[in-house]
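Thanks for coming. I will go through one chain today, one piece at a time, so please keep the picture in view.

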Amino acid sequence: MPSPFPGMNPYLEQEDVWRDFHLRMVVSTANALAMLVTPSYRIQIRQRLSIHGPKRSMDIQKHRFLEILDPNSGNTVTIIEFLDALDKRPGPHRLKYEARRVVLMTGLAHFVEIDLLRERGRMPMGDLSQSEYCVLTRRAGRFPCCDFWPVAMRDPLPRIPIPLRLPDPDVSLDLQDVLHGVYDRAGYQDYIYRGHPNPPLGPEDAQWAASLIPS
């Protein structure tokens, strides 16, 4: 069963659901891209670590992201990041990610950044102040030029081009299709609607969302 929402499902943003959803989106995106680019390219799931909390009770969290690699040279062709809550909240982890982002925005590999969290603290992405979610693509050698996809909560997630090395054409990644597959395989419909979207929805959006929730 696909998600009942036309785009991002705000119930997936609950803290106790999000980490599972984030990981599944990364893995499912890797699988979807592998079907499009292998054997010409290799898809790998990488991880970066964040350490936070008091010294005596430090919590180490793993953040997965994707790399598309040239199988012959091993060089990174494209990096795909799915933002996490810690990337967006003010604090040392955000500063660390912002520094990484500068490197990725100006590096030799293509860079794709996907933000499926309404949580405050959106990364600079042009004039996207009216969108709940957004996607950025920066092609290698074209900084500061970027392509943006602002996404409202009631709109489908976009089908985005994933750039590869020239002269190969882009491949098309249907984010909405990936989300529907994750939602179905994870069985989210059995439990996520017992909670509430986080951050809370406004009155009109809450009424709209309630009309879509399966009874």
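This is a predicted model: local features need pLDDT of at least 70, side-chain atom pairs count only at pLDDT 80 or more; totals for chains, interfaces and linings use all residues.

Take strand β7, residues 159-162, where the side chains alternate between two faces. Ile 160 and Ile 162 point to one face, and both are buried.

Which strand does β7 join? β7 is joined to β8, residues 171-174, by four bridges, and the two strands run antiparallel. If you look for Ile 162, its bridge partner in β8 is Val 171. The loop between β7 and β8 contains Pro 167. The peptide bond that leads from Leu 166 into Pro 167 is cis, with omega near 5°.

There is another cis bond to point out. It runs from Thr 38 to Pro 39, again with omega near 5°. Pro 39 sits in the loop between α1 and β1, where β1 covers 42-52.

Now the helices. Helix α1 spans residues 15-37 and helix α4 spans residues 175-186. They pack at an angle of about 120°, and their axes are 9 Å apart. Roughly perpendicular ends at 115 degrees and roughly antiparallel starts over 145, so α1 and α4 count as oblique to each other. The crossing of α1 past α4 is right-handed.

Which residues make this contact? On the α1 side they are Phe 21, Arg 24, Met 25, Ser 28, Thr 29 and Ala 32. On the α4 side they are Leu 175, Val 178, Leu 179, Val 182, Arg 185 and Ala 186. Sorted by class, that contact of α1 with α4 has eight nonpolar residues, two polar and two charged.

Next, some single residues. Ser 3 is in the segment before α1. Is Ser 3 buried or exposed? Its relative accessibility is 6%, and the cut-off for buried is under 20%, so Ser 3 counts as buried. Setting aside neighbours within four places in sequence, Ser 3 is in contact with Asn 9, Leu 179, His 180 and Tyr 183. You have met Leu 179 already, as one of the α4 residues that meet α1.

Leu 66 belongs to strand β2, residues 59-69. With 1% relative accessibility, Leu 66 is buried as well. What does Leu 66 touch? Not counting residues up to four places away in sequence, the list includes Val 26, Thr 29, Ala 30 and Leu 33, and also Gln 44, Ile 45, Thr 78, Ile 79 and Ile 80. Thr 29 is also among the α1 residues that meet α4. From Leu 66 to Leu 86 is 20 residues in sequence and 18 Å in space, C-alpha to C-alpha.

Arg 154 is in the loop between β6, 147-151, and β7. Its relative accessibility is 38%, so Arg 154 counts as partly exposed.

Last, Arg 194, in the loop between α4 and α5, where α5 is 203-212. At 70% relative accessibility, Arg 194 counts as exposed. Arg 194 and Ile 43 are 151 residues apart along the chain, and their C-alpha atoms are separated by 36 Å.

Terms used
Residues are numbered from 1 along each chain as its sequence is written. Side-chain values use heavy atoms; hydrogens and water are left out. Buried means under 20% relative accessible area, exposed over 50%, partly exposed in between (1.4 Å probe, protein chains only). Two strands pair if DSSP finds at least two bridges between them. Axes are lines fitted to C-alpha atoms, for helices over the stretch in contact, and angles run from 0 to 180 degrees between N-to-C directions. Angles under 35 degrees count as roughly parallel, over 145 as roughly antiparallel, 65 to 115 as roughly perpendicular and the rest as oblique. A crossing is left-handed if the near helix is turned anticlockwise from the far one by less than a right angle, and right-handed if clockwise. Contact means heavy atoms within 4.5 Å. Ala, Val, Leu, Ile, Met, Phe, Trp, Tyr, Cys and Pro count as nonpolar, Asp, Glu, Lys and Arg as charged, and the others, Gly among them, as polar.
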